[in-house]
Amino acid sequence: MTQSSPNPAPYSEPRERMVDLIRRRGVKDSLVLEAMRSVPRHKLVPSGQLEYAYADHPMPIGHRQTISQPYIVALMTKSLELSTWDRVLDVGTGSGYQAAVLAEMGMEVYTIERIPELHETAAKALEDMGYDVHCRLGNGYEGWPEHAPYDGIVVAAAPSQIPEPLIDQLAEGGRMVIPVGRVHGYQTLWKVIKENGEIRKVDLGGVAFVPCVDEG
Ligand code: SAH
């Protein structure tokens, strides 16, 4: 008699395909890929969209906001060049997916969202999934100074310029990844590195993010 194999975890196949696609598009960082292979993204998208949970495109999460495209999350996360236990600020919690990936990688994660309903839903989902993420309702443009400096800062909403408070809260040698540009216009994804108190910028390409509101 043949023994039947145990049921695979739900969504493990589409999640594997998502990770394969990201790797083929050029993100090879194993810490990032392993984390994205583990985080149950389907628990963070609206229930009506479950079949697209692992498709490589952004998706509405209500309040005119989106969960970012998986490839872009991978690109931004690997560009932070993190080591386990680094302290990371995630601006624009949204669904909580970026924060979950960072937590899964073993980072100390602080995340800020300005829309109360999204903040509450994400905080609860992250807790239910067992991630120890510090969630706060507030204006991410101002950062979260009480826990600064951060080894990494990742911003998922585009301001018209790099917020001064975020530069101040970046550790010496720290990295920030942030889209900058016009509302609903062309935006550039920048990697910002703090060296000897000065910042150096590297262009990571063109992107389209929701606007960062409440600029200082
Ligand atoms: N990282 C999220 C992406 C969400 S989209 C994810 O993985 O799902 C960007 C989010 O930034 C939105 O939820 C939006 O409400 C939020 N946002 C925009 N401006 C903000 C601000 N000034 N402070 C905090 N959050 C902001």
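Where is Pro-149 found? Pro-149 lies in the loop between strand S5 (133–137) and strand S6 (150–155); helices (H or I, at least four residues) and strands (E, at least two) are DSSP runs, numbered from the N terminus.

The model is predicted: local features need pLDDT of at least 70, side-chain atom pairs count only at pLDDT 80 or more, and totals for chains, interfaces and linings use all residues. Residues are numbered from 1 along each chain as its sequence is written, and side-chain values use heavy atoms, with hydrogens and water left out.

View 1. Most peptide bonds are trans.

**View 2. Packing of helices H1 and H2.** Helix H1 (residues 12–24) packs on helix H2 (residues 30–38) at an angle of about 155°, and the axes are 9 Å apart. Axes are lines fitted to C-alpha atoms, for helices over the stretch in contact, and angles run from 0 to 180 degrees between N-to-C directions. H1 and H2 are therefore roughly antiparallel to each other (angles under 35 degrees count as roughly parallel, over 145 as roughly antiparallel, 65 to 115 as roughly perpendicular and the rest as oblique). Their crossing is right-handed (left-handed if the near helix is turned anticlockwise from the far one by less than a right angle, right-handed if clockwise). H1 contributes Arg-15, Glu-16, Met-18, Val-19, Ile-22 and Arg-23 to the contact, and H2 contributes Leu-33, Met-36, Arg-37 and Ser-38; contact means heavy atoms within 4.5 Å. By class, the contact of H1 with H2 has 5 nonpolar, 1 polar and 4 charged residues (Ala, Val, Leu, Ile, Met, Phe, Trp, Tyr, Cys and Pro count as nonpolar, Asp, Glu, Lys and Arg as charged, and the others, Gly among them, as polar).

**View 3. Packing of helices H3 and H4.** The axes of helix H3 (residues 70–79) and helix H4 (residues 97–104) come within 11 Å and cross at roughly 45°, so H3 and H4 are oblique to each other. The crossing of H3 and H4 is right-handed. Val-73, Met-76 and Thr-77 of H3 meet Tyr-97, Gln-98, Val-101 and Leu-102 of H4. In the contact of H3 with H4 there are 5 nonpolar, 2 polar and no charged residues.

**View 4. Leu-102 in helix H4.** In H4, 7 of the 8 residues are buried (under 20% relative accessible area, with exposed over 50% and partly exposed in between; 1.4 Å probe, protein chains only). Leu-102 has 0% relative accessibility and counts as buried. Leaving aside neighbours within four places in sequence, Leu-102 is in contact with Thr-77, Leu-80, Leu-82, Val-88, Asp-90, Met-107, Val-109 and Val-154. H4 is followed by Gly-106, with a positive phi near 90°.

**View 5. Positive phi at Tyr-11 and His-63.** Tyr-11, in the segment before H1, has a positive phi of about 70° although it is not a glycine. Tyr-11 is partly exposed, at 29% relative accessible area. His-63 lies in the loop between strand S1 (59–62) and strand S2 (65–67), and its phi is near 55°. His-63 is partly exposed, at 41%.

**View 6. Cys-135 and Cys-212.** The sulfur of Cys-135 is 18 Å from the closest cysteine sulfur, in Cys-212, too far for a bond. A disulfide is a pair of cysteine sulfur atoms within 2.5 Å, and the count by this rule is 0 disulfides. Cys-135 is partly exposed at 24% relative accessibility, whereas Cys-212 is buried at 13%.
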